[in-house]
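Trainee: I am new to this structure and would like to learn how to read it. Could we look at it together?

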Amino acid sequence: YSGKTANQLLGEHIRNLYVKEYKSLPIVVKEETSVYDAICTMFLEDVGSLYVIKKEGQLSGVISRKDLLQAAMGKQDLSSVPVGVIMTRMPNIITCRPEDTLYHAALQMMRHQVDSLPVVRDFPESPGDLEIIGRISKTTIVKAFVELGQNVKM
Ligand code: ADP
């Protein structure tokens with residue numbers, strides 16, 4: 001018997017879950033996409049945040065529900081404002097990597113008070129740029145939490 005408490009074992013179990021096993025599909029729009037189209041995409045895809053990419057596909061920014069609400073409060077024509085002007089942009093984007101633990105991703109979302117993180121890897125052939133390969137959201141964490149609860153056998 002290892003002498004570990006149930007809590008220690010649970011902690012170890014949690015820190016053994018990895019981003020690559022839990023990531024979901026990212027929903028991506030281009031910088032030139034209008035705020036109007038971004039709102040439509042958010043509804044159609046049923047997500048709370050969109051990731052914005054440059055022409056060649058590199059991660060450029062993040063658009064949240066509140067970013068869109070804020071833009072909608074102004075008097076501009078939403079179909080002529082590109083998301084590129086209202087998004088939170090690189091290098092201020094908090095990201096995670098497939099090999100990170102889910103725990104680390106959750107900690108990052110909590111610390112930075114954001115609802116989701118793009119899962120990234122280095123962009124092929126242009127060091128410094130990032131390619132989006134997935135998404136971790138607070139919903140991901142809730143699902144993993146429920147799964148943990150279901151698997152615990154007393
Ligand atoms: P909401 O604004 O709908 O509550 P968030 O809490 O995720 O959703 O977003 C809060 C702010 O942080 C928004 O301005 C958004 O653009 C930005 N944001 C969202 N996700 C990230 C991220 N991963 N890294 C940096 N900024 C982010």
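Trainee: Which residue in β3 is the bridge partner of S49?
Mentor: The partner of S49 in β3 is S64. This is a predicted model, where local features need pLDDT of at least 70, side-chain atom pairs count only at pLDDT 80 or more, and totals for chains, interfaces and linings use all residues. Residues are numbered from 1 along each chain as its sequence is written, and side-chain values use heavy atoms, with hydrogens and water left out.

Trainee: In what sense do β2 and β3 pair?
Mentor: Two strands pair if DSSP finds at least two bridges between them. Strands (E, at least two residues) and helices (H or I, at least four) are DSSP runs, numbered from the N terminus. Here β2 (residues 49–53) and β3 (residues 59–64) are antiparallel, over 5 bridges.

Trainee: What is the order of the strands in the open sheet?
Mentor: The order is β1-β2-β3-β4, 4 strands with mixed pairing. At the edges are β1 (28–30) and β4 (88–89), each pairing on one side only.

Trainee: Which strands does helix α3 lie across?
Mentor: Helix α3 (residues 35–45) lies across β1, β2 and β3, at about 130° to β2. Axes are lines fitted to C-alpha atoms, for helices over the stretch in contact (heavy atoms within 4.5 Å). Angles run from 0 to 180 degrees between N-to-C directions. Helix α4 (residues 65–73) lies across β3 and β4, at about 75° to β3.

Trainee: How are two packed helices described?
Mentor: By the angle between their axes and the distance between the axes. The axes of α3 and α4 come within 11 Å and cross at roughly 140°. That makes α3 oblique to α4 (under 35 degrees is roughly parallel, over 145 roughly antiparallel, 65 to 115 roughly perpendicular, and the rest oblique).

Trainee: Which residues of α3 and α4 meet?
Mentor: V35, A38, I39 and M42 in α3 meet R65, L68 and A71 in α4. By class, this contact has 6 nonpolar, no polar and 1 charged residues (Ala, Val, Leu, Ile, Met, Phe, Trp, Tyr, Cys and Pro count as nonpolar, Asp, Glu, Lys and Arg as charged, and the others, Gly among them, as polar).

Trainee: How many residues of β6 are buried?
Mentor: Buried means under 20% relative accessible area, with a 1.4 Å probe and protein chains only. In β6 (residues 130–137), 6 of the 8 residues are buried, so this strand is largely enclosed by the rest of the structure. Strand β5 (residues 116–122) pairs with β6 in the antiparallel sense over 7 bridges, and L117 has I136 in β6 as its bridge partner.

Key: Buried < 20%, exposed > 50% of the residue type's maximum accessible area, 1.4 Å probe, protein only.
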